[in-house]
Structures are given as C-alpha cells and as structure tokens.
Amino acid sequence: MNGYTGKLLHVDLSNHKTWVEDLNLDFAREYIGGSGLAARYLDERIDHQTDPLGSENTLIFMTGPLVGTAMPSAGRYSVCALSPLTGIWGEANSGGFFGPELRFSGYDGIFITGKAEKPTWLSIVEGKVQLHDASGLIGCDTYETQRRVRQMLGDERTRVACIGVAGEKLVKTAAVINDHGRAAARTGMGAVMGAKNLKAIAVRGSAAVQLANAAMFRETVKQIAHRLNDDLAAQAMKLAGTAGYVNMGLMYGDMPIRYFQQGEWEPAENLSGVLMVEQYQNRNTACFRCPIACGRETRAPSYQLEKVDGPEYETVAALGSLLMIDNLETVIMANHLCNLYGMDTISVGCTIALACELSERGILSPADTDGMEIRYGDAETLLRLVEKTARREGFGDVLAEGSASLAERFGVPDLAATVKRLEVPMHDPRAFSGMAAIYALSPRGACHMQGDIYGVDTGQGLAPELGILPGERFDSSQEKGRLAALSQAWRSLYNALILCQFQNPGVDLVLQALNAATGWDYTVEELIPIGKRIVTQKRRINLRRGITRKDDSLPKILLQPLEGGTEGNVPNLEEMLTAAYQEFGWDAQSGIPLL
Ligand code: SF4
C-alpha cells in the first residue's frame with residue numbers, strides 16, 4: 001500500500017486485547033491522515049454522552065502518508081480524543097521521532113480504548129504488540145520513563161511517548177511527551193492516557209514506508225531542500241529558534257503581556273531567541289529529517305540545569321511575558337518542569353497568569369492559595385505553582401482544571417482567556433485581526449496551529465494558488481474572514497499529512513510529495529476542499545457535543561483595546577465569522593454544515 005502501512009492497531013485495555021484493522025482507504029483518501037483521519041474515525045466512536053476521561057473515549061495516535069519518508073520536517077504524529085479540558089474534539093501533535101518509528105514498527109495509527117486494571121505500558125516492536133506492567137513507572141517523570149522503558153526493551157533506538165505525574169493525576173492540561181521534551185501538549189491528551197492507566201507507548205521497527213513513485217518523491221525532496229535556502233523564515237528559525245519571533249511579536253503587539261492586558265513591556269526583550277542562543281543555548285536540535293532544526297538544547301546555571309530542552313516561542317510568552325517574567329533562565333526552568341511532569345506550557349502559563357490577575361484584583365487571597373502570595377513577576381511563585389498543578393497539591397488541584405474552571409470557581413467567567421475552554425495561545429488577535437476568526441473557528445478551541453494569519457500578513461507561509469495572500473493586519477472584513485477559512489483549511493491539511501508548519505516549500509511541492517507517496521492524483525483545486533472537509537468533520541463532532549455559534553467567540557479580555565503595537569485595534573469577529581462560515585459551506589447564521 002503506497003504512502004500507508006495500511007494497518008491500524010487496536011488496543012482494548014479493559015480486556016487486555018489487541019487486534020489489527022485494515023486502514024479504510026476511502027477514509028484515507030478523503031481525510032489523508034493525522035488529526036483529519038483521526039476525526040473521521042473518532043466520529044463513529046463517541047456520542048454526546050461520552051466521558052472524555054471514561055473508558056469509552058478512544059485515544060488515537062495517528063500518522064500521515066509523509067511521516068517516516070524522506071520528506072523534510074514530516075516526522076510528526078497526532079494524538080486525538082475527546083478532550084477532558086474542553087469536553088469537545090481534542091487534538092495535539094508532536095515532532096521528534098516517535099511518529100516515524102510507529103510507522104517503521106508497522107502501523108499507521110493506534111486506537112486505545114478501555115481502561116487497564118493496573119498501570120500498563122505498551123510496546124510495538126517490529127509489529128509485535130505487548131502490554132506490560134507499569135507499576136514500577138508510576139511517579140516517574142517523563143524523561144525517566146522514557147529511559148527506563150528503553151532499558152527494559154534493551155534497545156536504545158526505541159522511541160517512547162509517555163505521560164508524567166500530571167497525566168497520572170488527570171491534570172486537565174496534561175501532555176503526552178516523546179523524544180525527551182517534545183510535547184503533544186494541547187487539550188489534555190495526557191489526562192486521557194492517564195485515565196486509561198496507560199503510562200507509555202514504545203515503538204521500534206525497521207519497515208520502510210512504500211512510495212508509489214520513489215523517483216518523483218526523491219526529486220520532490222531535492223527541490224524542497226533547494227527552496228529552503230530561500231526561505232528566510234526557516235533560516236531565521238534555524239538561527240534563533242521559534243523564540244526568534246519575540247522581537248517581531250513585541251513590535252506588532254502580538255506577544256501577550258500581563259495576561260493579555262498590557263500592550264508594551266520593554267523587559268520582554270530579555271526573552272528573545274537571540275539572547276537565548278548567545279547566553280543559554282548548547283546546540284540546535286531537530287526532529288526526524290528536518291533541516292530547519294528549530295529545537296534548542298539549553299542550560300540554566302541559576303537552576304543547576306546543564307542540558308535541558310529549551311522553550312519555544314509559545315512557552316517563552318506563556319511562562320514569561322504573560323506573567324511579567326523577563327528572566328530566560330526562569331522560563332527555561334519552568335518549561336523543564338512542564339516537560340518533566342508532562343504539561344501544556346500554554347495552558348499552564350495562562351492559568352497561572354489568571355491566578356495572578358485574580359490576586360491583583362483581590363478576588364483570590366492567600367486563604368485560597370495555601371497561604372501563598374500570588375503575584376505577577378514572581379519566579380518562585382511560578383515554579384511552585386507549576387509543581388503544585390502537576391501534583392494537584394492544595395491550590396494546584398484548582399489550577400489543574402484549567403483557566404475556564406478557575407474563573408468560574410471565583411465567579412468571574414469573563415476573565416478566562418479561553419475559546420471553547422482552551423487557553424488562548426501566544427498570538428494576540430488584536431495584532432492580527434484574522435487570528436480572531438481562526439481562534440473562534442478552531443475545532444479544538446483557541447489554536448494558532450489551525451491557521452496562521454499572523455504569519456500570512458507578514459509575508460510568511462503564503463499559498464497564492466490557494467488564495468492565501470497577505471493583507472492589512474487590522475482588517476476585519478468579510479474578505480479577511482474568507483482568508484481565515486482558507487488558511488484553516490490549508491493548515492488542517494498540513495495537520496493531516498502531517499507536515500510541520502515551519503516547512504513551507506510551496507503548494508506545488510507539497511502536492512507533488514503527496515501524490516508521489518500515495519499514487520493518487522490530487523490537483524491543486526482539490527486541496528482546500530480536503531482541508532474544509534476535515535474542519536467540517538471536527539465541527540460535526542463538536543456540534544454533537546453541544547457547541548453552537550455562540551461558542552465561536554473570543555473572550556472579553558481579548559476585546560479590550562490596548563496601546564502599543566496593536567494601536568488600539570479590536571477585531572470585528574462577527575463580520576469575519578459570517579464570511580468564514582460561507583466559505584466552509586456552513587449556514588451563515590448558525591454555522592451548521594449544510595451538507
Ligand atoms: S521545524 Fe522544528 S518543530 Fe518543525 S520539524 Fe523541524 S525541528 Fe521539528
């Protein structure tokens with residue numbers, strides 16, 4: 001089977017059973033892979049009553065047709081299920097080497113149902129599947145878990161995806177971690193894994209991914225490598241990591257400060273990726289076959305850290321400027337804790353920032369927080385709260401439920417910076433109005449990986465053949481709403497392939513790679529409809545879970561004008577939404593898919 005192994009592994013943890021299902025090729029052709037294909041499969045397995053932390057929720061690990069091939073920057077995998085944080089469609093994806101190794105072990109994806117009686121880990125080695133007792137791994141951090149699992153299998157080349165203490169404790173913002181500190185972080189997929197009593201999945205194999213036209217695929221890869229030399233964004237990322245965006249983000253007012261309420265803060269420049277390179281970086285790191293190598297290995301001498309995975313832009317903002325922390329070493333430490341415990345840095349940073357805001361407004365007092373004074377800019381408080389969240393210790397048990405729950409608990413739901421209960425990532429929609437529509441429409445809640453207008457409006461990741469062209473950044477017109485829909489469709493296709501969104505060789509080469517791998521004959525005109533089909537599929541799941549048009553909204557806190565780089569801009573969401581609905585083929589008023 002070209003571009004796919006053609007096999008999906010099922011694991012029923014309640015009954016200690018595993019079996020293999022043939023990949024449904026019709027589904028694959030329509031939804032490609034990754035979160036697109038996972039959504040198609042999940043749709044049949046859940047209903048409006050399914051408990052995200054119940055044994056009936058299906059946790060899906062899915063790859064795509066380019067994963068594990070020579071395609072640059074295509075070494076990713078998706079983790080999807082109903083989210084315990086939001087109650088709706090949940091998805092996260094991660095780089096590293098786990099995705100390709102899963103394919104080499106013989107499978108395109110894994111479906112996990114049920115709940116193991118006792119802690120369990122799963123191994124898939126050269127197609128052979130085994131369930132093991134994980135009692136001895138409980139309480140281990142994610143790095144130790146990976147190390148021990150590799151040791152138990154006696155093969156250092158084994159790739160491990162696992163949860164840390166946060167996943168074990170069902171922290172709603174828990175992540176799945178692989179390849180040291182690579183995280184499938186968003187929407188609490190680590191808690192779903194924890195609820196199933198599944199501590200880790202280890203994969204190892206030597207099967208090759210079969211390609212329909214190997215010669216054309218090789219030629220495509222060569223052309224992509226050639227074009228990368230002219231891709232300035234990718235070159236900048238190689239030099240300074242994603243945190244290289246800090247200065248530009250500050251200039252545009254895109255990098256959130258003081259829980260999204262301050263437009264400028266000069267000390268945030270101390271968080272820049274260039275400074276990180278100069279003062280705290282050991283080396284670049286890369287995912288499977290990625291020439292960009294945006295990853296960082298860093299050190300933080302003040303915290304006795306010599307060699308840890310470094311924070312990327314989202315983390316630098318969420319654990320830095322959002323909390324009025326301008327010390328990179330503190331951010332490196334907080335990021336490392338999140339990796340060890342297995343938590344989403346965006347959601348954790350946002351929730352702690354909300355706690356700072358509630359304290360400042362006198363809504364939260366030390367009586368609520370185990371006697372702690374919670375303040376912006378306090379490194380010690382940040383690190384303690386990260387640990388308390390992961391362990392659900394005292395006030396950490398409240399933070400472990402996420403921002404929406406925290407705001408509701410203290411009677412101020414409007415202060416939650418969430419969309420559909422997922423914390424807003426670190427691109428302010430007041431800086432790029434189109435991001436307002438992206439966040440409101442994103443099926444998993446506020447998400448910058450389902451449309452990157454902040455990049456498009458600054459000339460990055462363009463796709464002129466698909467109508468994805470830069471515009472005026474404060475524009476909130478219907479035209480911008482249509483652009484948001486197209487951008488979301490295009491990135492949803494990326495998340496199906498699964499291709500890293502920092503690899504932008506052009507529509508022609510992405511299409512050529514897909515066709516050369518699978519032997520299909522897609523045309524440029526068919527790409528956006530595939531993306532729209534995927535977004536619509538996820539929306540159907542959400543509609544069944546009770547989502548309505550009123551949920552396609554932005555938190556009030558993001559609709560206050562700010563001074564600084566955003567120049568007082570407030571996006572007109574309604575105008576953009578109506579046009580985006582129409583572009584997707586949904587009812588313009590209700591947002592319900594018409595077909
Ligand atoms: S650009 Fe960065 S995140 Fe993307 S595949 Fe390469 S190393 Fe991984």
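**View 1. The ligand between two domains of the predicted model.** The ligand lies between domain 1 (7–204) and domain 2 (242–416), because both give residues to the shell around it; the domain bounds come from an automatic or database domain assignment. Surrounding the ligand are S73, R76, R182, A286, C287, C290, I292, A293, C294, C500 and F502, where a residue is near a molecule if one of its heavy atoms lies within 4 Å of it. This shell divides into eight nonpolar, one polar and two charged residues (Ala, Val, Leu, Ile, Met, Phe, Trp, Tyr, Cys and Pro count as nonpolar, Asp, Glu, Lys and Arg as charged, and the others, Gly among them, as polar). The model is predicted: local features need pLDDT of at least 70, side-chain atom pairs count only at pLDDT 80 or more, and totals for chains, interfaces and linings use all residues. Residues are numbered from 1 along each chain as its sequence is written, and side-chain values use heavy atoms, with hydrogens and water left out.

**View 2. The second largest pocket.** Its volume is about 320 Å³. Of the 16 lining residues, T418, V419, K420, R421 and S553 are the closest to the pocket centre. A pocket is an open set of points on a 1 Å grid over the protein atoms alone, where a 1.4 Å probe fits, with protein on both sides within 12 Å along at least five of seven lines; lining residues have an atom within 4 Å of a point. Grid points are joined across faces, edges and corners, and the volume is the space filled by probe spheres set on the points. The second largest pocket lies between domain 2 (242–416) and domain 3 (432–503 + 523–584), since both give residues to its lining. By class, the lining has seven nonpolar, two polar and seven charged residues.

**View 3. Aromatic pairs at Y41.** The structure holds 16 aromatic pairs (rings of Phe, Tyr and Trp, the last by its six-membered ring, with centres within 6.5 Å; planes under 30 degrees apart count as stacked, over 60 as edge-to-face and the rest as tilted). The rings of F27 and Y41 have centres 5.1 Å apart and planes at 75°, so this pair is edge-to-face. Y41 also forms an edge-to-face pair with F111, at 5.1 Å centre to centre and 80° between the planes. F27 is buried at a relative accessible area of 11%, Y41 at 2% and F111 at 1% (buried means under 20%, with a 1.4 Å probe and protein chains only).

**View 4. An aromatic cluster.** Y4, W520 and Y522 form one aromatic cluster.

Methods. Buried means under 20% relative accessible area, exposed over 50%, partly exposed in between (1.4 Å probe, protein chains only).
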